Structure formats: C-alpha cells, structure tokens
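Hello,

Please find the structure below.

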Amino acid sequence: MMSEKLLMSLIQLFAIIAKLDFFDLYSRSVVLNFLASRLSQDEAERYIIHFDRHLIEMTKANEGKAVSNRLSVKDNARVLLICSQINQELTQADKIAILVVVFDLISANDEISAGELDLVTTMGDVLNIAQHEYQMISDFAMDKTPSEINEPYFLTFNSIGEGYGKVIAKPDLQGTIRLLHLPSINNYIIKYKGKAKYWLNAQSMPNGRIFNFTTGSILRGAKLAPIYFSDVVAAFSGNVYANPIVFEVKDIAYQFVGGKVGLHPFSMTEESGNLVGIMGPSGAGKSTLLELLNGTLTPSKGNILINGVDLTTEKDKLEGYIGYVPQDDLLIEDLSVYENLFYAAKLSLAHLNTVEINEVVNQTLESLAIKDISHLKVGNPLSKTISGGERKRVNIALELLRQPSILFLDEPTSGLSSRNSLSIMDLLKQLTLTNKLIFVVIHQPSSDIFKMLDKLVILDTGGYPIYYGNPVEAIGYFKERVNQIRAGDTVCPECGNVNPEQIFDIIETKVVNEFGRFTNKRRVTPEAWNLYYREFLQKTKPKREIVFEKAHTNIANQLQQWLVFISRDVKAKLRNKQYLLVNALQTPLLALVLAFVNRYYDTTNPDSEYSLNQNSNIPVYFFMSIIVALFTGLIISAEEIYHDRKILKREKFLKLSRLSYLFSKVSVLFTLSAIQMLVFVLIGNYVLEIEGITIMNWLVMFSLACFANTLGLNISSAFNSAVTIYILIPILLIPQLILGGIVIKYDKLNPLLTDGYKVPFIGQAMASRWGFEAIMVHQFMENPYNKPFYGPDSRMANAEFKKNFLIPELQAKLEGCYMLTLNSDENQQQQLTSTLDAVRLFLIEEGKQNPKYAFPQANLVTTTNFEPKLGEAVNAHLLNLKTLYVEKFNQANADKQRILNQMISKVNGAEQLQYLQKTYQNTAINDLVLYKDAETHVWPYNNSYVEKSNPIYNAPTPSGYLDFSAQMFTPVVWFMGRYWPTPWFNLAVVWAMSGLLFLNLQFNGLKKFVDFCGRSFGRPVK
C-alpha cells in the first residue's frame, strides 16, 4: 500500500511524462488502468481527476511556447524528487510497474524520442532497476525484433509459430502477441500488435498498449483459443520435462462403510507443472477425494494411474512419488524448525552423511524463506513461537526434503491471514515449475489465489463432481448453465479481480416462493449439476508417450530409523520443561509421601522406636509401590502415539518401519521408567529402612512400569481422544488394585471366580499380582535373618501340618466311614467316595515320599472294598505316619537349633542375630506369606486335602506339563517340566505380558478392535 502523498506524486509524474506526447486520451486510459489495478473503481475515478487537472495546468503553462519533447529543468527536478520518494516507499515490483507505465506513456505515438528515452533511462537508474532488466523493458516497449533482443525472456504468439526465440503458434490469431518475463519480480508484461479485438481479463487490449500479465490472467478473442497464465509460465520455464508425471483418474468412486457415497464417479488427467485446486461446500467430499488421490483411501471402483502404474494395486512401485501435507500441523512442537527438518531428512535421505543433510536442510530453509526462524522452537497453536504462515511453510518443507513428484495439501491456507495465504499459494505455484504436480483443497480463496490455480475441481454436496477445468472460466461455465446475462464476464473489467464466491452463489441458489422469499430447496440439485458436468466434460489425454521410472528413494534402514526416532524423541522430551519437571518430581514425591505415611511404630511405649520388623504397613507399602509403578508407566506412555498421530500420518508416505518406531518408543520409555523406579525404590527404602532387597524391588517395579508402558502405548494407539485415554487409566488400574492379592484375598472372591485355593484366572491376568508375590516371596526367603532357617522351617511346617492337622482330619473322616457304609443315601455315598479317595491318594503319595512307610493295601481303599478290618489297618498306618512326622519335626527343629547356636556362638552373635531380625525381617510379611489368619489349615481340593496355611513352604502339585497355577506365595512355580523360583518366574510372566502387548501394538490389534466396535455401533471411525 502506498501513501496518498506518494500516490498524488505519481499522478503528477505521469502527467509530466504524458505532456511530452500530447496524447491525452491514450495517457488518461494508461493511468486509469494503473490506478484501477491498485484501487477500487470509485477511488480510481476520483484520483484520475487529479491527473486531468495536472495536464490542463501544464497545457495552459505551455501555451505560446515551442513544442518540445524534453522536460524543463523544473520538471526534471520534480521527476527525480518523486523517484527518490518512490525508492523509500515501494517494492521492486512496484517500481518496475511504474517504469512500465512510463514506457507505455512515452510509446503512445509509436515512437520514443531521444529526450523521452533519456528521461526513462534516468528514472531506471534512480529507481535502481537492474541494467539488463531495464534494457529488456526498453527493447520490449520499442518493439525491437526478436533477433535484437535477449531471447530467453521474450515469448511470441503468432499464427504460424515461426520466428526468433520462443514462439508458439495460434492459428486463429490476427497479429502478434508478445510477452516479457521480468525475472527479478517473477512477473510478465504483454503487448498486442494488430487490428483485431482481444480482451485481457475482460479488458480491451488496444494495439501497442503494454499491460501487466498477472497470475491467473486470461487473454481471449473471437475464434482464438484462450491463452492462460499457466500456458505462459510453462513456456518460459521450459515445462516440457524429460521425465513428466501424468496423473490419470479413471472413473473413481468411493463408498463409506454403511453404504453412504463419499464420491460419485470422477475422472481427470493432469501433468507435471500444474497447480490443481479442489473446492466445494462442507460435506462435499473434498478431503475424501484428496485422500483417494494420494492413496490413503482405496477407491470402491475405478483406477488411479501415475505414469501408467496403478496406485491401488501397485503402490509399492510408486514409493517416493507422493507427498502429503494434511491440514493439521505435522511438527514436533518441542523441536526447533531446523531440528524438525533435520530428523525428517535423516529418515528419508539415508544415503547422505550429516554434513550433506545439513546442507540439504539449509537449502530447503532458504528456498522457503524460513532460514531466519530455523533456530526457533516450533511451539503449538496455543503457545506460538512462529507464525501460522511459517508453520505451513515448515510443514511443506518436511515433504519437499525428499522431493516427491506429486504433492497433496489439505487446506494449506486454513486459518491464515490473506497475506500469508497468498504467500503460501505463491510458494506452491513456484514449486510447480520444478516438474511437480500439486493438488490443494482450498476454501474461500481470494481473487489472487484463485487465479494462481491452473485447474479447478469443484464438488457439490454428497460427493458429486460438477466442474473440472480452468478456474477463471468456471464462473462463465456456471453462468451459462443458469442462463445468466453476460456469462462471458468472468473477470471484473475495471480491477481484473475474480470473485470465486459467485460460483457457489450460483450453485446453491435457492428457489423463491410466491412471497419472494428464499426456500430451502435448491434451484439446481447436485445431481443436475453432475449431469451437466458429465455432458460437457472433455477428458484430456496424455500429450506424449510416458515411460515409468521408479522414484529414487533413500529411506533409512530399520536400525537407522530406530536411532533417529530415539534421538528425535529424547531431544523433544528434553526441550519440554514441564514434561521434565513433572517426571522428575513425580516419583520422588510419591515415594516420600507413600513411605512417610507407612512409617509406623507403636507410640504407646515410650521406649519404642521405628524398626522394619514391627512395621505392619510394609506389605501395603510394597503393594502400593506396585500400583505407583503401573500408574507412572501408564501416565508417561498413554499419550505418546496419540501425540505423534499427525507425524505418523505424514511418515506413512515414507513407508517407515512401524517396528523401528515402536522400539524407539519403548527404548525411551523403558529408560525413563528405569530411572524413575530406581529413584522411587531408593527413597522409599531409605525412609522405611528397607535393606537387602533393593535390586529385586527395583526389578519388579521396573518390569511393571514397562508393562504399563506397553499397555499405555496400546491405548494411545487405539483411541483418538486424549480425554478417552485418561478416562481409561483408572479403569485399567482399579482391577490391578482390587485383584492384586492384598485388597481382597483370592479365597474371599465371589465363589464363581475362585476355587478357594489357587490363584484364580482373573488374578493371573493381573500384573500387580505377579509383582507383589515376587517381592513378598523374595523378601521372606532371601532376607539375611530368615534365609538360614528356611530349610528347617519348611520341613517343620510340613511335618506339623501332617501330624497336627491332616492326619487327624483323615482319621476323623475315616471313623465316619463305618457309618456311611451302612447308609444307602446317594449324598452319603458321595461323601464316602470322596473321603476314601482322599485317604487313598494320601497313602499312595506318602508311599512315594517315604517308601519304608508304604501301605500295601492303599489301592484297596475304595467304596467297593472298604470294610472295618481294612479301616482299622488304615488307621493304624496313619498313626505310624503321625509318629514319623513327629520325628521329622523334631529333627528339623534340632537342625534349626543347631544353626541358631552356631550363629549365636560367634562374637556378639546374639546381638547380631537380633540386629538381623530387626533390620531385615518384617513380621507383617511373615504373617502374610504364612497365611496366619487362615480360617482352616486343611482344605478339600480335587478329591484330596491340601494345606491352606504356610504357602511359602509348599511347592505346588502340577496337573500338567504347562500347569503353573498355584496358591499365592508359593516358593516355586511349576512350568515346562520343572520348578522355577517364584520371583524370577513372576518377572518372566510380566515381561511375557509386555511382549504380547507389544506384538498387539505392532499389528494394531486394539485399534482394529476399537474401529470394528465403532463400525458395529454405526459410528464413523476417524
């Protein structure tokens, strides 16, 4: 925009120069055209009056003087002063435009005098116009022949297509049309020499006049095929590429799941060097069409061919051809602009070393005019560091790094100012000159943006294609369909602007009722517009034979991708100060609070002090620590993939390894979890004075956090809403809390869920159960006080159970069998069978364990063979076994006493033993793993009787090769034909669960299930 003062000065300048030729009407039209290109029509008419006044004043001042084509000294000084003012306020493009107007004014009488040439030469120098460019404008204005001019910047249209330099044949053209390319401002000027009537943007082109040929311009004439701006650009850029891209769409259509039509049959053919716009009202299917064209969606029918290769069936061959910039940002917010591009280049340009990648990134930054912001953090839309237009450029740069031949952009100007929108579209237009085909979905474009498009596709509501062709001619096309007057007026004759809204005003015109009010019914339905489209569509064919060449792709291998993903992720996390602060303080604070709250000791005794041995909260602390590990693991991972979903959408076109991406995620998250859990364990153990199990405690916590990491990644991948993800976290944690084995004991669950003895299946599915059992068993068995006595204690517990509980129970049951044999009641008989089966199994098992005490008639203890005499023999044998276990108990007790005496006999042995007990043993853990609060010691199970108390001393009895089911807190677990230490087996189970979750994540199992459920309930899945 120029100031009013400068504008008045320019008008005076034009009047001074126009005075030299005395062609007032011609000069007036030139100046009026200049004003109309920058002002509204009313303002242009107002300011042209000042031009008329200046001419009149100058004419009066020159009355009686000799006619001269040279300026007076006063006028010369005034011209130089105005030029100096121009230098201070206007751009190079504006200065050249003014110089062109001056040339147009002085060439009014078809010749330029020496004085006029001196004046314009001086102006060129003062305005700092490059000498070679000034000379080209001068040659163009003076109509020098092509043999005398700088050929690469001149273009000629004539009827025969012959002559010097660039010449294009237009058989119906009467006369000659010449164009000059001004490279410094990337603009064009045009002149017609002849007697026919031609119109540039609906404005008459008189013979010899110089006009600006701006973006979107169209030159028309009777019987003359229109000359489009894109034709001129292609001619000057040499847009006949050695390896052109031909993009053919053959009757593609798309139908959503559920039957709704997303796109009705559509065809088109486009080539390299074109910018194709897709427009339409909301719900017309613009984004659907774009995703069909770029291969994201598969057409329900039809084909899309790129140089003859089918995008649907031969997608692998087209790897590297397509780039996609969605409407949403695809940037990593915590990295700088440069780092975003650098990591993208590392993934897609694996053949380059770091120095070469830096060069490519810097070149890309410079070409997109974002080098000056390369060091800035990208930020997010709510915390902006760079502008919206700059964000769009960075998004485009990410795709341009790998040089795709076809680029798709979904509403690249959405949310931008008119200036930024124009800048982005101008950038895209420039990219088409590098042998690229670009498709853009665009909404409510300005006139300048609309005229930049080479082709336009318009969709109507319901996915109906209704237009495909030249953008500016679309207005005339729709006007003709509804029989509007002046259908050929597509461009404002005064200002040259186009109003794209006219198109949709026509398309969506409503029917008027008898009262003159608009109804909701459209005058022309989408179906009717589609019918017009099919009738008038002229399908273009490839202009030349196309040979397919596979795109050169240099995608990093899986290992390289993994390293790049890790580096990128770590750097982004380190840049996020809030993320670092929360994760740095989270576990220390939780450890301090949890440990401090659970640091219990008896205050009723004045002499009491805290000791681990007497802290009854230790089991609760360990269990809550496990919940903290699960919670922390979920929190840090639950949004990871969700947060990256936009990045993944872009990188989908790179065909990057999902496995490498996921491995990078778990690598970073597992490392973070390892640090967090170590900090938690060290702080918690320090406060509660827990010693001796730090490594196992950390291993369990770390393993559970990693399990939670993979679980969090699964929900992060499956759901499209952060709110949904965070609602799921407590839903996932509560079962782990309730079914972990301490809040509700497994034998107290609903009888439909448990057999009252072994850990039920629902408990086996809880990672918290495996972790809690591992810590409890390890702490009991491996603490320095219990460990020496574990063997004798185990034998004593086993002997005590059999002599004090199991054998007396069997004797009592056996005694009742005499009466049961006399009762024929069915229930009584079942009880008899159950009792005798239990006795028989016990006798057989004891015979295996103690061959000397084998009972020869054990197999006869059945309902059929049972009689009083046999019962007496069995009872006598049970008494012998009882005696045996009394001896075993005494022997084990003696062994324990011997160990105890040996420990006490050492120097300060008694004090040392007391220290070990106080420091390492916890009474509450002992009570828990020994099941001290068991209501009964003997429990009927599978036609036998088992010990319900003292699980820590009982190895489970397997029922199969892979049967790892057992009572909670057993010291070992049976699996694959051998016993495994419980802590290590449990850790293996947790990691196996993590592995299964990772496999599910790799194949997107949960997301597929969620999508299936969404479709089943009739809701579209995004």
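A residue counts as buried when its relative accessible area is under 20%, as exposed when the figure is over 50%, and as partly exposed in between. Please keep in mind that this is a predicted model.

Start with Thr-632. Its relative accessible area is 1%, so Thr-632 is buried. The residue belongs to helix α20, which covers residues 618-637. Setting aside neighbours within four places in sequence, Thr-632 is in contact with Gln-586, Thr-587, Leu-590, Gln-676 and Met-677.

Now compare Asn-499. This residue sits in the loop between α15 (471-481) and α16 (501-507). Asn-499 has a relative accessibility of 37%, so it counts as partly exposed. Between the C-alpha atoms of Asn-499 and Tyr-621 there are 71 Å, and the two residues are 122 apart along the chain.

Helix pairs

Helix α20 also packs with helix α27 (residues 767-782), at an angle of about 140° and with the axes 10 Å apart. Because of that angle, α20 is oblique to α27. The two helices cross in a right-handed way. On the α20 side the contact involves Pro-619, Phe-622, Phe-623, Ile-626 and Leu-630, and on the α27 side Ser-768, Gly-771, Phe-772, Ile-775 and Met-776. Sorted by type, the residues of this contact of α20 with α27 are eight nonpolar, two polar and no charged.

From α18 come Gln-558, Gln-561, Trp-562, Phe-565, Ile-566, Asp-569, Val-570 and Lys-573; they meet Ser-660, Tyr-661, Phe-663, Ser-664, Lys-665, Ser-667 and Val-668 of α23. In the contact of α18 with α23, seven residues are nonpolar, five are polar and three are charged.

Sheets

Phe-247 stands opposite Ile-306 of β13.

Another open sheet has six strands, in the order β15-β18-β19-β12-β20-β21, and its pairing is mixed. The strands at the edges are β15 (322-325) and β21 (464-469); each has a single partner strand, so one side of each is left without a neighbour in the sheet. From one strand to the next, the twist averages 15°.

Which strand does β18 pair with in the parallel sense over five bridges? The partner is β19 (residues 437-441), while β18 itself covers residues 406-410. Ile-406 has Leu-437 in β19 as its bridge partner. Helix α12 (residues 388-400) lies across β15 and β18 and runs at about 165° to β15.

Regards

Terms used
Residues are numbered from 1 along each chain as its sequence is written. This is a predicted model: local features need pLDDT of at least 70, side-chain atom pairs count only at pLDDT 80 or more; totals for chains, interfaces and linings use all residues. Side-chain values use heavy atoms; hydrogens and water are left out. Contact means heavy atoms within 4.5 Å. Helices (H or I, at least four residues) and strands (E, at least two) are DSSP runs, numbered from the N terminus. Ala, Val, Leu, Ile, Met, Phe, Trp, Tyr, Cys and Pro count as nonpolar, Asp, Glu, Lys and Arg as charged, and the others, Gly among them, as polar. Buried means under 20% relative accessible area, exposed over 50%, partly exposed in between (1.4 Å probe, protein chains only). Two strands pair if DSSP finds at least two bridges between them. Axes are lines fitted to C-alpha atoms, for helices over the stretch in contact, and angles run from 0 to 180 degrees between N-to-C directions. Angles under 35 degrees count as roughly parallel, over 145 as roughly antiparallel, 65 to 115 as roughly perpendicular and the rest as oblique. A crossing is left-handed if the near helix is turned anticlockwise from the far one by less than a right angle, and right-handed if clockwise.
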